[in-house]
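Please look at the sequence and structure first.

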Amino acid sequence: MTSIFSGLPQQEPSRRVGFSGNIIDRRSESRHPDTLAAALADPAARFLILRGDEAVLGPDGTPLFERETAERIAGAVEAAVLLGWNDGTPRLALALPAEAAIDEALGRPATLRALASAAAADPDFAGPVGAAPLGALAQARALFNWHASAQFCGRCGAPTVAAIAGYRRDCTACGTQTFPRTDPVAIMLAVEGDRCLLGRQPRFPKGMYSCLAGFVEPGETIEDAVRREIREEAGILIGKVRYHASQPWPFPNSLMIGCHAEALSFDVHPDVDELEDCRWFSRAEAASMLAGAHPDGLGAPNPMAIAHELLRSWVEGRIG
């Protein structure tokens, strides 16, 4: 009997986007009050250090530091978040203040976007900041963003404290427990025959067009979110929706859910509050944008972004 998984690609499309490939064993359900102390006491423990949306890289280019060096860069490590374990070795993360100076002899900062872009530019990239460490850095950035926004109880307003090695926050007054959150975002490429729908926001780099996107709202399926967002932003009606890939996006703590969508109407009426422009592009035109060869200088999203994967998979006929 044919398996329901027959015909799927050998490599998941999600593996082609930035911040994927996180192999950390989180063990979030088996942590206890002493888990962090035990991890910090392990001489094999390694630390990731972030400063806002930047990661600190050591002189050898790796983002992993032994405890002694981590303390020299970030000070006390007791406030670390335990990401999990890699081959039984604890992986922890520390957050530096945005204004913190870094001794250049110990490390240098690099933006997470730049690191993901560098890895995506080379499909055979196997350097020290490869896919798995990038996924761990995204995990750390999203957790730090959550901790920053959950310092007070949403039920009674009292302060909260980190628990179970940073994977929970407990209210100091009413005891309410809060867990890390991920915000789902639908990002989609509407297609009709040999053309696709792309738009641009004013904040985009000059000439860049991308897929439309928006948060999934309460009581809404992913498919309905795709239909609603495209209707709201471009006035296009959508029929069938097909999931393609997802991407952790730690700016601040989202999961991008990438889909292709069947367009049922074709007159574009862009939401001018959201979009500077929105229009149809032929497959050949989209291919030239991906190749950086569009005659008008128009461009596609960065290769590390899921919007790039959605567009390229359609151009190359990898969606069915």
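Predicted model: local features only at pLDDT ≥ 70, side-chain atom pairs only at ≥ 80, totals over all residues.

Cysteine 156 is in no disulfide, and the nearest cysteine sulfur, that of cysteine 171, lies 3.5 Å away. The points below take up the cysteines, then the strands, then the region listed by UniProt.

**Cysteines**
- A disulfide is a covalent bond between the sulfur atoms of two cysteines.
- The cut-off for counting such a pair is a sulfur separation within 2.5 Å.
- For cysteine 174, the closest cysteine sulfur is in cysteine 171 at 3.6 Å, which means the two sulfurs are too far apart for a bond.
- Cysteine 156 is partly exposed, because its relative accessibility is 42%.
- Cysteine 174 also counts as partly exposed, because its relative accessibility is 39%.

- An open sheet is formed by three strands in the order 6-7-8, with antiparallel pairing.
- Strand 6 (160-163) and strand 8 (177-178) are the edge strands, and each pairs on one side only.
- Two bridges join strand 7 (residues 168-171) to strand 8 in the antiparallel sense.
- Threonine 178 in strand 8 stands opposite arginine 169.
- Strands of a sheet pair through backbone hydrogen bonds, either parallel or antiparallel.

**Annotated region**
- UniProt, in an unreviewed entry, lists residues 180-305 as "domain: Nudix hydrolase".
- In the model, residues 180-305 are 17% helix and 38% strand.
- The end C-alpha atoms of residues 180-305 are 23 Å apart.

Definitions and conventions:
Residues numbered from 1 in each chain as written. Heavy atoms only, no water. Buried < 20%, exposed > 50% of the residue type's maximum accessible area, 1.4 Å probe, protein only. Pairing = 2+ DSSP bridges. Helix = DSSP H or I, 4+ residues; strand = E, 2+ residues; numbered from the N terminus. UniProt positions renumbered as here; feature names shortened; annotations may be inferred.
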